[in-house]
Amino acid sequence: MKKSALQRVRASYQPKLPKALQGPVKVKYGDATESVANQAEIKELFPHTYGMPVVEFVPDEAPERVEEPFNVGIILSGGQAPGGHNVVSGIFDGLKSLNKENRLYGFLMGPSGFINHQYMELTAGVIKEYRNTGGFDIIGSGRTKLEKPEQFDAGLKILKELDIKALVIIGGDDSNTNAAVLAEYYKNIGAEIQVIGVPKTIDGDLKNEWIETSFGFDTACKVYSEVIGNIQRDCNSAKKYYHFIKLMGRSASHIALECALETQPNICIISEEVQAKRMTLDNIVSYICYVISERAKLGWNFGTVLVPEGLIEFIPSVKSLISELNDVIEEHAEEISEVEELDKLNLIYGYLSPKNADLYKSLPKNIALQLSLDRDSHGNVQVSLIETESLLSTMVEKRLEEMAEAGEYVGTFKAQHHFFGYEGRCADPTNFDADYTYALGYNAAMLINSGLTGYMSSVRNLTDHTENWIPGGIPITMMMNMERRKGEMKPVIQKALVDLHGRPYLKFASMRETIALNTLYQYPGPIQYFGPAEVCDRPSMTLLLEHDKEIY
């Protein structure tokens, strides 16, 4: 395969490792842990893996030991995120540092490959082709949910056949929930199979004190910010369009907030703020129209509006509707599937409570249909298919017409729509993500070698120099709570939402009025891989602010 000039040069980049992982390590055990909520329920569901301590790796001053050889399997689960290949590379190198005879197997196309025994050995030759590249194409990914004993048992057969002692699941909150369930199951039946998770999601909603950021977030936000900056340059040149830009982030607004800090758009809606203030669609439209009308007074009939992908689920009245829709669609799935699309609306309408039925009926037909589409494998509304950016611009246009008739608005309004999602998921990782993911993978190998299971790979202190990063692991059960999924209460990793008291949000809020009523766009430009560290190695503004660092 012929490679581009960047691919050829980038392949030689050697990710940096924390000093603690640069030689033999030993485990430093912390205190026992408990889940973030619903402690009694989680403990009952995970009796063998609940309450384990946080661990940290520190250099081992004892002579280097020759470890017995062992095999490891990996699964890339869920949506892609930049740096996944470096996690695999880090695991491979970590295993080989322990014993050259250790072997790594990849299950093809996600959890389904594990269940159906589709796999390949990942050798040095294979790994070499994928170092520092984007994507998950080394073995592919999938969204099959691991939740049934028969799936666990089917996977166990191939693990035994390949003499695999540990399985690494590289995924987001749902995938790592699966990892916790699998670890508990194998512990319960005495299978002696370790399960380790690695925190992946560009959405940024898989984090806490010990998981400071999920991998891929930094790269994806920089990709989106480059394109937003390009649009803003065009916007400020043509001076005739309002660009409504929807950004990935189904369950949290971390991407929208980070991109707002990077690019300074005129408007950025934060879903968590909408929910906290119990804002309605009308409130949101009113705010956008206020900014547009004030800018029109200055002669500016252009601007940019950032919209989180999952916004519609955070509007309290719509959230209530979606919750009931989930139950209705689950209960009447067969009946609903048998009717034409437009007939679905009347059928579903008849099953809803009066208040939610009224809201459902008031929505534009295309939005109502999008809310009623098939759920993903985890039972979630596929919010990426809901054209929230178009809904907002249509409502804004109608409101501005009413304001113009009342003499409250004098200007012109033309909208353009964008949705940035896939563009950022498989980009070549930034230096930060390349280093971070490699460290997470190498660290996972050390967790396996330490005999641990039900842990998530953790690398902390990420705003310091790479050599000062702190490797270790946290019990996955520590991150869990009970949530309603497909009509039932189930244990899941608690999502990390934008903290409205945190420094990233407060920084944005402090400049919101200024950037709304002025044209102060920032143009981050493309990701830089070579050059000054302050340009090439800088982590996300969110991470810097969360660690009390300055961003300007």
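In strand β11, the bridge partner of Leu247 is Phe420, and this pairing belongs to an open sheet of 4 strands in the order β9-β10-β8-β11, with parallel pairing. The model described here is predicted, so that local features need pLDDT of at least 70 and side-chain atom pairs count only at pLDDT 80 or more, while totals for chains, interfaces and linings use all residues. Residues are numbered from 1 along each chain as its sequence is written, and side-chain values use heavy atoms, with hydrogens and water left out. Helices (H or I, at least four residues) and strands (E, at least two) are DSSP runs, numbered from the N terminus.

- Strand β9 pairs with strand β10 (residues 303–308) in the parallel sense over 2 bridges, and Cys268 stands opposite Leu306 in β10.
- Strand β8 pairs with β10 over 6 bridges in the parallel sense, with Tyr242 standing opposite Gly303, and β8 also pairs with β11 over 6 bridges, again in the parallel sense.

- Strand β8 is largely enclosed by the rest of the structure, because 6 of its 6 residues are buried; buried means under 20% relative accessible area, exposed over 50%, and partly exposed in between (1.4 Å probe, protein chains only).
- Tyr242, Phe244 and Lys246 point one way from β8, whereas His243, Ile245 and Leu247 point the other way, and all are buried.
- His243, found in strand β8 (residues 242–247), is buried with a relative accessible area of 5%.
- Leaving aside residues up to four places away in sequence, His243 touches Ile231, Asp234, Cys235, Gly303, Thr304, Val305, Gln416 and His418, contact meaning heavy atoms within 4.5 Å.

**Salt bridges**

- A salt bridge is a side-chain nitrogen of Lys or Arg within 4 Å of a carboxyl oxygen of Asp or Glu, and by this rule the count comes to 22 salt bridges.
- The side chains of Arg485 and Asp174 meet in a salt bridge (3.0 Å, N to O), which links distant parts of the chain, with Arg485 in strand β14 (residues 480–485) and Asp174 in helix α7 (residues 173–188), 311 residues apart; both Arg485 and Asp174 are buried.
- Lys246 and Glu389 also meet through their side chains in a salt bridge (3.6 Å, N to O), and this pair links strand β8 to helix α18 (residues 388–405) across 143 residues.
- Lys246 counts as buried at 1% relative accessibility, and Glu389 counts as buried at 7%.
- Arg484 forms a salt bridge with Asp327, the closest N and O atoms being 4.0 Å apart, and the pair links Arg484 in strand β14 with Asp327 in helix α13 (residues 316–331), 157 residues apart.
- Arg484 is partly exposed, with a relative accessible area of 49%, and Asp327 likewise counts as partly exposed, at 29% relative accessibility.
- Salt bridges that share partners join Asp173, Asp205 and Lys495 into one network.

**Helix α20**

- Helix α20 (residues 431–449) has 19 residues and reaches 27 Å from its first C-alpha to its last, close to the 27 Å expected at 1.5 Å a residue, the expected span being 1.5 Å times one less than the number of residues.
- Helix α20 is mostly covered, with 18 of its 19 residues buried, and is followed by Gly451, whose phi is positive, near 80°.

**Positive phi in loops**

- Most residues other than glycine have a negative phi.
- Asp163 is not a glycine, yet has a positive phi of about 55°; Asp163 lies in the loop between α6 (149–161) and β6 (164–171) and counts as exposed at 59% relative accessibility.
- Arg278, also a residue other than glycine, has a positive phi near 50°; Arg278 is found in the loop between α10 (271–276) and α11 (281–297) and counts as exposed at 60% relative accessibility.

**Two further positions**

- Asn116 is placed in helix α4 (residues 111–116) and is partly exposed, with a relative accessible area of 49%.
- Asn116 and Asn236 are 120 residues apart in sequence and 53 Å apart in space, C-alpha to C-alpha.

Notes
Two strands pair if DSSP finds at least two bridges between them.
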